[in-house]
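Hello,

Here is the structure we talked about. Please open it alongside this message, as my notes follow below.

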Amino acid sequence: MLPIRRAARSQLRHLPRYSRLSMPSRQHAFTTLRPQLPLQPARRTLSRPTVFHTRFASTTPTTPIPTPTTPTAVATTANDRIHIKPRRRWVHYLQRSLAYFGLTILVSGGLVVAFFAYDASTYSDNPGTFDIPVSEYALTPQRGGPKNLPIAEYFVSDDEPEYRDQKHKPKLVILGTGWASVALLKQLQAGGYHVTMVSPSNHFLFTPMLPSATVGTLEFRSLVEPIRRVVRKARGHFLKASAVDVEFSEKLIELESMGADGGTERFYLPYDKLIIGVGSTTNPHGVKGLEHCHFLKDISDARHIRNQIIRNLETACLPTTTDPERRRLLSFVVSGGGPTGVEFAAELYDMLNEDLCRYYPRLLRNEISVHVIQSRGHILNTYDEALSKYAEDHFAHDQVDIQTNARVKEVQADRILYSQKTDDGQVVTKELPMGFCLWSTGVSQTDFCQKLAAKLGSHQTNKHALETDTHLRLNGTLLGDVYAIGDCSTVQNNVSDHITSFLRTLAWEKGKDPSAMQITYADWRQVAKRVKARFPQAADHLKRLDRLFEQYDADKSGDLSFGELSELLKQIDTKLTSLPATAQRADQQGIYLGRKLNKLAHAAPGLLINDVSDGDIDEAVYKAFDYRHMGSLAYIGNAAIFDFGGFSFGGGLLAVYLWRSVYFTQSVSLRTRVLLAMDWGKRALFGRDMMNY
């Protein structure tokens, strides 16, 4: 039977390619062709030869298919012709589309069923209670310290199975939940320390996208991550409290929190290693009337700003509001032309331009004004000058007023007074009516950091941040006990202060007097190598050692004297600038310190066996901190600019999508990434939510 069917198929191949046989026709064809195939010697011969004819959709006459030359080949009469029904092309595409559509419905339905199955598995009737022993000292802490406060040496969760192994490990306390602290916490290896994070905020805030939340482009929940979720992965503890003071001699931190009765309670938290990452506050610059301004440092600030903007718009719509009052309410002023101020002005303009006319009278759009007051000659002065000019031109096209070389003198309830230097060098005083003012003019120390700096005395001379060495250790404290990272700190360079130590080391190796020693080029290479190791920030200024040596060899003797070398290092010291107070720097410091603490935890057993407790253990275990600037970017209103050192560019929507992609990948978790994508899609489909709450 099988050879017969194969032979029949070979006969059907003679049909034209665009002809098709229906099922009855195929059966008739097999029945007609079967006698022609010599499976066995033919026992009978048919009297009629077999002839195949096909009918086409065209007008071309049908032609008979050649009769096989086998002895058993026979033909049929005209009544036995096979009629082929053509199938149209659109029918074929329709059937394929319906098949794909059905497959899509099937897959989508399967995913929906799988989601509901997973959702059902997340509900549980099991209360999950366990019998866990709790230390008596955790329930009733002992009192002590200079103020005789409760000392929280043990926690109620210390005896849980996942925390029991690190109960007696060195106590590592992290103050703050900012970029640096979270980066450190994510880098720590679980089990190396008894970790405790302390902060008045129980969430991590993604600050680069905070201006977008002030106008409803992004929702507040999309920018925050519950800190306990991050702490849990590191097997740490969290206390919602504020740091008040530190007793360095007794290694106690004084904390303040809200008690059960609504009042404040204070207690001590002991530490073996303390990480200070409490951030900073906005710099007031001694200007009066800042109580009439808004700040943008926390998620609560973004909520207040959003409510104030909507409140001004609603008040401007009232029939009792006069024209001058309406213009004042719709005058938005931003003091500070840095990234935060510029991005807020851009987001505000986008909201007013894209969503205002949908819900509010068009008259409001004609009377709205946005002003940016900048003390320097350009906005975004830390960026490339071409990018600053590009941003200014873009704002000028959008009718955003930029006031450069201007300084705010006073902020009143309904206006802002500022002085501005004219082109001829004269200083004039101007005023702007305003219904809203954002103050974004740099950072300053918090009250807690100011108290610590005063306690450490001459070791802390910077008025804006806590000073650390290149290993991020707080100056004035015991080596390896207290570290400071993030916006609250600055790395102290002071290369010139270490000249004597460098020269003494070199002179001791050569057995000479440092003040009388002449340094050759080979010796200078050794000094430069040690300077780079001690101060990685100076590496960029020590690239061409031969040129520096030739430049400061005043007498062209081929040697550098003590005075010549001192002058060289002093010039390098003046060129070193403070690290920027950005999320990028804080993140790098957190990663660096987390890796170093892991190294110290691994080296601790060996140091204990060898009874090594003195000396610079940090420098022996890990290298000094080296900040690497990865570039800067800013959103300027349906456009974005990028500054990557020598490579910089700006553009429209494509640059905006790239700007979003960068921050999307830097988001702290998958949860926040999903929420960010949903918010951007919601804005495109439905616009921003023009409401306050």
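**What was found**

F206 counts as buried because its relative accessibility is 4%. (Buried means under 20% relative accessible area, exposed over 50%, and partly exposed in between, with a 1.4 Å probe and protein chains only.) F206 sits in the loop between β5 (203-205) and α6 (210-213). Helices here are DSSP runs of H or I with at least four residues, strands are runs of E with at least two, and both are numbered from the N terminus.

Before going on, two notes on the source. This is a predicted model, in which local features need pLDDT of at least 70 and side-chain atom pairs count only at pLDDT 80 or more, while totals for chains, interfaces and linings use all residues. Residues are numbered from 1 along each chain as its sequence is written, and side-chain values use heavy atoms, with hydrogens and water left out.

Back to F206. Leaving aside neighbours within four places in sequence, F206 is in contact with W179, L223, Y663, Q666 and S667. Contact means heavy atoms within 4.5 Å. F206 and Y663 are 457 residues apart along the chain, yet their C-alpha atoms are separated by 9.2 Å.

**Overall picture**

The protein chain has 22 helices and 26 strands. Of its 693 residues, 46% are buried. Take the contacts between residues at least 6 apart in sequence: 65% of them join residues at least 24 apart. The chain exposes about 37500 Å², and carbon and sulfur atoms supply 54% of that. Accessible areas come from the Shrake-Rupley method with a 1.4 Å probe; for residues, only the protein chains shown count as cover.

**Cores**

The largest nonpolar core has 92 residues. Those with the most contacts inside it are I275, I309, L313, L348 and L597. Helix α10 (residues 339-354) gives this core its largest share, eight residues. A nonpolar core is a set of buried Ala, Val, Leu, Ile, Met, Phe, Trp, Tyr and Cys residues joined through side-chain atoms within 4.5 Å.

L597 has contacts beyond its neighbours within four places in sequence: L172, L184, L188, Y193, K273 and I275.

N307 is in helix α8 (residues 299-316). N307 counts as buried, at 11% relative accessibility. With neighbours within four places set aside, N307 is in contact with N692 and Y693.

**Salt bridges**

The count is 25 salt bridges. The rule: a side-chain nitrogen of Lys or Arg within 4 Å of a carboxyl oxygen of Asp or Glu. Three pairs are picked out here.

- R671 and E225: the closest N and O atoms are 3.1 Å apart. This pair links distant parts of the chain, with R671 in helix α22 (residues 670-686) and E225 in strand β6 (residues 224-226), 446 residues apart. R671 is partly exposed at 28% relative accessibility, whereas E225 is buried at 3%.
- R266 and E254: the side chains meet at 3.0 Å, N to O. R266 is in strand β10 (residues 264-270) and E254 in strand β9 (residues 252-258), so the bridge ties together parts twelve residues apart in sequence. R266 is partly exposed at 35%, and E254 is buried at 2%.
- K682 and D689: the N to O distance is 3.7 Å. K682 is partly exposed at 22%, and D689 is partly exposed at 28%.

Salt bridges with shared partners also join E354, D355, R358, R683 and R688 into one network.

**Surface patch**

Which residues form a nonpolar patch on the surface? They are F130, I132, V134, L139 and V156, with about 490 Å² of accessible area together. Patches are made of residues with over 30% relative accessible area and no salt bridge; like charges are joined within 9 Å, and nonpolar side chains (Val, Leu, Ile, Met, Phe, Trp, Tyr) within 5 Å. L139 lies in helix α4 (residues 136-139) and counts as exposed at 59% relative accessibility.

**Database record**

An unreviewed UniProt entry lists residues 97-118 and 633-659 as "transmembrane region". UniProt positions are given in the numbering used here, feature names are shortened, and annotations may be inferred rather than shown by experiment. In the model, residues 97-118 are 100% helix and 0% strand, with end C-alpha atoms 31 Å apart. Residues 633-659 are 26% helix and 48% strand, with end C-alpha atoms 7 Å apart.

Best wishes
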